[in-house]
Amino acid sequence: MESVLVSSCLLGQAVRYDGSDKLCRHAVLQRWIDEGRVLAVCPEIAGGLPTPRPAAEIVGGVGGLEVLAGMAKVVDSAAQNVSMEFIKGAEYALERAKSKGIRIAVLKEGSPSCGSNYIYDGTFTANTIGGLGVTAALLEKAGIQVFSEAELEEADALLKQLEMTCAPHRQPKNPG
Ligand code: SF4
């Protein structure tokens with residue numbers, strides 16, 4: 001059975017920077033939970049950051065790949081450089097995914113760690129730009145397909161496709 005890596009905040013864990021959660025009640029996610037295929041991860045907590053914590057953004061109008069390459073940094077609203085914590089959390093998430101052979105992740109959109117379609121632009125003015133957060137970038141680089149909570153149907157379709165592809169060939173009961 002395929003497992004799926006999911007942002008802890010989407011599962012109702014109060015791990016966001018402001019101490020809240022982003023519980024997602026989508027039927028696909030609920031079914032995955034019932035099937036026992038969900039592995040929760042919060043990269044920022046795994047990277048050593050507390051809850052609550054100052055909001056953080058990737059600066060320079062770029063994304064997580066540039067942070068991983070040392071060409072950009074993640075800074076919080078108190079002007080602290082938290083790039084190391086974000087990278088450490090991303091590496092933890094990747095290790096967790098690898099340990100379960102995970103090929104699909106559903107991560108919270110817009111986060112400087114978990115965003116997969118857009119992130120905030122680093123000006124702390126609520127402007128968004130297309131791009132990946134640090135964890136989403138590292139997972140995608142490793143070949144894991146990252147979806148947002150708005151793409152659960154697409155993620156479920158891929159999951160079913162992967163399971164069909166990997167299903168063992170049935171041996172005929174009475175060969176010959
Ligand atoms: Fe949610 Fe990801 Fe932010 Fe953790 S790092 S609170 S899992 S969006």
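**Briefing: fold, core and ligand shell of a predicted model**

Buried residues account for 43% of the 176 residues in the protein chain, and the coordinates described here come from a predicted model. The scores of the model are ipTM 0.99 and pTM 0.93. The mean pLDDT of the protein chain is 94, with 94% of its residues at 70 or more, whereas over residues 170-176 the pLDDT is below 50 and, beyond near neighbours in sequence, that stretch makes zero contacts in the model.

**Overall fold**

- The protein chain contains six helices and eight strands, which follow one another from the N terminus in the order β-α-β-α-β-α-β-α-β-β-β-α-β-α.
- The radius of gyration of the protein chain is 17 Å, close to the 16 Å that the globule rule gives for 176 residues, so the chain is as compact as a globular protein of that length.
- Along its principal axes, the C-alpha trace of the protein chain spans about 70 × 30 × 25 Å.
- When contacts in the protein chain between residues at least 6 apart in sequence are considered, 64% of them join residues at least 24 apart.

**Nonpolar core**

- The largest nonpolar core has 46 residues, of which Val-4, Ala-105, Val-106 and Val-134 touch the most other members, and helix α4 (residues 83-99) gives the most to this core, with six residues.
- In soluble globular proteins, nonpolar side chains tend to be buried together.
- Apart from its neighbours within four places in sequence, Val-106 is in contact with Val-4, Val-6, Leu-10, Phe-147, Glu-149, Leu-152 and Ala-155.

**Helix α5**

- Helix α5 (residues 134-141) is largely enclosed by the rest of the structure, because six of its eight residues are buried; these are Val-134, Thr-135, Ala-136, Ala-137, Leu-138 and Leu-139.
- The packing partners of the buried α5 residues are α2 (43-46), α3 (64-68), β4 (74-76), α4, β5 (104-107) and β8 (145-148).
- After α5 comes Gly-143, which has a positive phi near 90°.

**Ligand shell**

- Around the ligand lie Ser-7, Ser-8, Cys-9, Val-15, Arg-16, Cys-42, Pro-43, Glu-44, Lys-108, Ser-111, Ser-113 and Cys-114.
- By residue class, the shell around the ligand divides into five nonpolar, four polar and three charged residues.

**Arg-25**

- Arg-25 sits in the loop between β1 (4-7) and α1 (27-35), and this residue is exposed because 8 other C-beta atoms lie within 10 Å, where a count of 12 or fewer defines an exposed residue.
- Although Arg-25 and Leu-10 are 15 residues apart along the chain, a distance of 8.5 Å separates their C-alpha atoms.

How values were computed. Residues numbered from 1 in each chain as written. Predicted model: local features only at pLDDT ≥ 70, side-chain atom pairs only at ≥ 80, totals over all residues. Near = placed C-beta within 6 Å. Nonpolar A, V, L, I, M, F, W, Y, C, P; charged D, E, K, R; others polar. Core = buried A, V, L, I, M, F, W, Y, C linked by C-beta atoms within 7 Å. Buried ≥ 20, exposed ≤ 12 C-beta atoms within 10 Å, placed from the backbone. Helix = DSSP H or I, 4+ residues; strand = E, 2+ residues; numbered from the N terminus. Contact = placed C-beta atoms within 7 Å. pLDDT = per-residue confidence, 0-100. Rg over C-alpha atoms; globule rule 2.2 N^0.38 Å.
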